[in-house]
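Let's take a walk along some strands and then stop at one residue. Have the structure open while you read.

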Amino acid sequence: RRCITSGFFANAAYLHYTGVYKTVRDDHTLYIHPTSVLSVEKPPQWVVFNEVIQTNKDYMLDITAIKPEWLQELAPHFYQYGTVS
């Protein structure tokens, strides 16, 4: 999962208190695609994703649960201190 995070660090999102995901860098609202295994489990707090498909909502595809500290550790050039909650 750390290796995937190092490749997809720019596509990180966190679970917002409203129950939707928000991208870290631009606060864009996203949802887990209903065909994802993660859609039927307890939603992870932090994820990276490969792509977004736009239908009636913006759905993330190819999602991996991550730890938020990995973002600063693996991509310090992209995430400066204070940009990751």
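Strands here are DSSP runs of E at least two residues long, and helices are runs of H or I with at least four, both numbered from the N terminus. What you're looking at is a predicted model, where local features need pLDDT of at least 70 and side-chain atom pairs count only at pLDDT 80 or more, while totals for chains, interfaces and linings use all residues. Residues are numbered from 1 along each chain as its sequence is written, and side-chain values use heavy atoms, with hydrogens and water left out.

Start with strand β5, residues 58-65. Two strands count as paired if DSSP finds at least two bridges between them. Strand β3 (residues 29-32) runs parallel to β5, with 2 bridges, and Ile32 sits opposite Met60 of β5. Strand β4 (residues 46-54) pairs with β5 too, this time antiparallel and over 7 bridges. A hairpin of 3 residues links β4 to β5, and Phe49 has Ile63 in β5 as its bridge partner.

Now zoom in on Asp62, which belongs to β5. Is Asp62 buried or exposed? Its relative accessible area is 52%, so Asp62 is exposed (the cut-offs are under 20% for buried, over 50% for exposed and partly exposed in between, with a 1.4 Å probe and protein chains only).

Leaving out residues up to four places away in sequence, Asp62 touches Val48, Phe49, Asn50 and Glu51, where contact means heavy atoms within 4.5 Å. Asp62 and Phe49 lie 13 residues apart in sequence, yet their C-alpha atoms are 5.4 Å apart.
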